[in-house]
Amino acid sequence: MTTVKDLPIEDLYTSGHTACPGCGGAVVARIAMKVFGARTVVYNPACCMLIFSATYPYNAFKVPYLQVLFENSAVCAAGVKRALKTLGKDDVNVVAIAGDGGTADIGLQALSGAAERNEDIIYIMYDNEAYMNTGIQRSGATPFGAWTTTTPVGSQTAGKFETKKDVPRIMIAHGVPYVATASIAYPSDFINKLEKAKKKKGFRYLQVFAPCPTGWKAESSKTIELAKLAVETGLWPLFEYEDGKYTVNRVPKFSPLEDYLKIQGRFKHLKPDDIVQIRAWIKARWEREKAFEQVYK
Amino acid sequence: MQTMKNQGEKKIVTGDFAAAYAAMLCRPKVIAAYPITPQTFIVEHLSEFVADGKLNAEYMAVESEHSAMSACIAAQATGVRTCTATSSQGLALMHETLFAASGMSLPIVMPVVNRTLAAPIGIWCEHNDTMPERDSGWLQAYCEDNQEVLDMVIQAYKIAEDPRVLLPMMIGLDAFILSHTVEPVELPDQKSVDDFLPPYKPKHAYLDPDDPMVIGSFSPPEFIQEARYQTEQSMQRAREVIGEVTEEFAAKFGRDYGGLIDTYRMDDAEIALMTIGTVTSTARDVIDQFREKGKKVGLVKLRFFRPFPTQELIQVAQSVKALGVYDRAISYGSGGPSWIETRHAIYGHSDIPVLGFLAGLGGRDVTSDDVAHMINSTLEAAEGEEKKPVTWIGTRGVEP
């Protein structure tokens, strides 16, 4: 078991990037690069991470870096990997790091194609539950009830009507070698999943819960607390699907949901009925987790 | 055409086969493609070449044209030669990615089987798929026959990869008229192509952990205008490179296509018709018929649409009394794209009448009579007769 203490001191994702204070995405990049090391090519789509990492003439990644467009992260990473293969550079990790909008919505077709072809890449979605770069619009990964700039709190309706799209399950349905969820509040779990992904061949998918205090209308000091509460309330299950076996990595305490909701402005309009609905979603979700463990033993 | 210097192997093949075979001879390392009628034979042949071990390449059978071009961009940015092919809707789906390829100076080569763009949906020849991409920073050439398809794909890599250019290039071939029609084509041997086209070894764009590079930075206004200017300079420098490559190819393989344009019976011509694509071969015959009747008419074949042959067409315009321009695409509200460009090119250098002719849209046949109509109209304009700027030929219910 690798812990934070075992990671190299040197950063390949360096200070000087311009992310907002408390950005969960930047934490994802920093930890991931400590695990992947210098023999890595990083792909970012047009997303927050591109802007705060790679605005010309600067770049926070100390490895080869490519950005092409928005909806093609998986296939661009695959193109890099295939080209490296023809050059005899089989030891290089190719990692796409993309947000939830670029993955769950506009990038889903390219993601599915690359997964179906079992392209030899690692795909990390940093999940901050909305299109933050363009100004906090709803994505398929936005949870039920959340305010965004396109699910406003109005006199007739308030927040998102639909529940969060379950992209990890979609990836499992492709039968790829490795799918995992992680959280920046549980770095050891995250690091060990990164290491597993690094060692495996074929298509590997990690979805990392990465709060965005700016978009969630929370204090920037609350990022890790938010990430922790999402796991402990049961909203964000930590699991992995490895070569056909499904494992829940942490059974949460199912701590009071209000503790998570009340420190975020995006949920402040919720009514008691809405919270009942979210509780019902958590219950159903965990029944499915147990069922999945039985199906994929 | 000159006599053949390098015999190679002569076979009866489709235009799609010629495109695929030429691509194989150029040894791309990564091929990413998605099928679309009438391009499908190209991707099928390429996958067969890989499956048979004739071509040592990674073949990515991707899930869309957007992904095909994205994969090529990423692979080419990693530092290897790539290839894809498409048509019509596929090119339209790629639209966004085309600008990334040129903006990143990636010399990707792509045969495009020219097919009509919906709606109405159809699968036959029209140039309104590639011509709207004139502003994408891609070089564009159009072919008259299957031999030219093969020869242009090989030349395209040489032109695109020249350090003075480093831009992507698309090669248009007319749907079915070339893509699915068999013609005798000389297939060069591998050694001749290897001698002509050295391996791709980029110095400007590659992703290598031993020498990290950033490709695709987010760029504020302080930098983008210079990038735009550099792309324009590359496109302008392509003119001389196209000339050099045309000559080198002719010396090695014995086939000289003339460069940005080719001409036929233009020496003492009093009027000229300019054609593009396969209508050119029909027009050669019609020009001969007019010559037999003593009419001093000549033919200009528009080979490159980007860069546009400005100087060449100024010279043509200064040598004739009227010029007819045939287009197989329309820019609604104006006229045929090459007619628009021609008038723009010669403005200030010549005040001859330049007539636009539209025919063969949606894949309708363009007959000898249609071409004769274009030539007669241009002759009448040369005599001072007032003519419509744009004439639709062979359109039901419309007087040409």
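## Reading the model

Residues are numbered from 1 along each chain as its sequence is written, while chains are lettered from A and ligands numbered from 1 in the order in which they are written. Because this is a predicted model, local features need pLDDT of at least 70 and side-chain atom pairs count only at pLDDT 80 or more, whereas totals for chains, interfaces and linings use all residues.

How confident is the predictor? The complex gets an ipTM of 0.97 and a pTM of 0.97. Chain B has an average pLDDT of 97, and 98% of the residues score at least 70; pLDDT is the predictor's confidence in each residue, from 0 to 100.

## A sheet built from both chains

Let us start with the strands. Helices (H or I, at least four residues) and strands (E, at least two) are DSSP runs, numbered from the N terminus. Two strands pair if DSSP finds at least two bridges between them. In general, strands of a sheet pair through backbone hydrogen bonds, either parallel or antiparallel.

Here nine strands make an open sheet with mixed pairing, in the order β8(A)-β7(A)-β5(A)-β6(A)-β4(A)-β3(A)-β1(A)-β2(A)-β10(B). Which strands sit at the edges? They are β8 (245-248) of chain A and β10 of chain B, each of which pairs on one side only. Strand β5 (residues 178-183) of chain A runs parallel to β6(A), with six bridges, and Ala182(A) has Val208(A) as its bridge partner in β6(A). Across the chain boundary, strand β2 (residues 65-66) of chain A pairs with β10(B) in the parallel sense over two bridges. There, Tyr65(A) has Val214(B) as its bridge partner.

## Strand β4 of chain A

Strand β4(A) has a parallel partner in β3 (residues 93-99) of chain A, over five bridges, and Ile97(A) is bridged to Ile124(A) of β4(A). Another parallel pairing, over six bridges, joins β4(A) to strand β6 (residues 204-209) of chain A. In that pairing, Asp127(A) has Phe209(A) as its bridge partner in β6(A).

Is β4(A) buried or exposed? A residue is buried if 20 or more other C-beta atoms lie within 10 Å of its own, exposed if 12 or fewer, and partly exposed in between, with C-beta atoms placed from the backbone. Six of the six residues of β4(A) (residues 122-127) are buried, so the strand is largely enclosed by the rest of the structure. Both faces are covered: Ile122(A), Ile124(A) and Tyr126(A) are buried on one side, and Tyr123(A), Met125(A) and Asp127(A) on the other.

## Where the chains meet

Two residues are in contact if their C-beta atoms, placed from the backbone, lie within 7 Å. The contact between the chains takes 36 residues from chain B and 34 residues from chain A. On the chain B side, the elements giving two or more residues are β2 (30-33), β3 (58-61), α3 (65-78), α4 (88-103) and β10 (214-215). Of these, α3(B) gives the most, with ten residues.

By class, this side of chain B has 21 nonpolar, ten polar and five charged residues. For this count, Ala, Val, Leu, Ile, Met, Phe, Trp, Tyr, Cys and Pro are nonpolar, Asp, Glu, Lys and Arg are charged, and the others, Gly among them, are polar.

## Two domains in chain B

Chain B is assigned domain 1 (9-253) and domain 2 (261-392); such bounds come from an automatic or database domain assignment. Taken over C-alpha atoms, the centres of the two domains are 28 Å apart. In the contact between them, 28 residues of domain 1 meet 20 residues of domain 2. The domain 1 side draws two or more residues from each of β7 (139-142), β8 (169-174) and α7 of chain B, and α7(B) gives the most, with five residues.

## Close-ups in chain B

Arg328(B) lies in the loop between β15 (322-327) and α10 (337-346) of chain B. Arg328(B) counts as buried because it has 30 C-beta neighbours inside 10 Å. In sequence, Arg328(B) and Glu126(B) are 202 residues apart, but in space they are 5.5 Å apart, C-alpha to C-alpha.

Helix α5 (residues 146-161) of chain B has 16 of its 16 residues buried, so it is largely enclosed by the rest of the structure. By contrast, Glu244(B), found in helix α7 (residues 221-253) of chain B, counts as partly exposed because it has 15 C-beta neighbours inside 10 Å.
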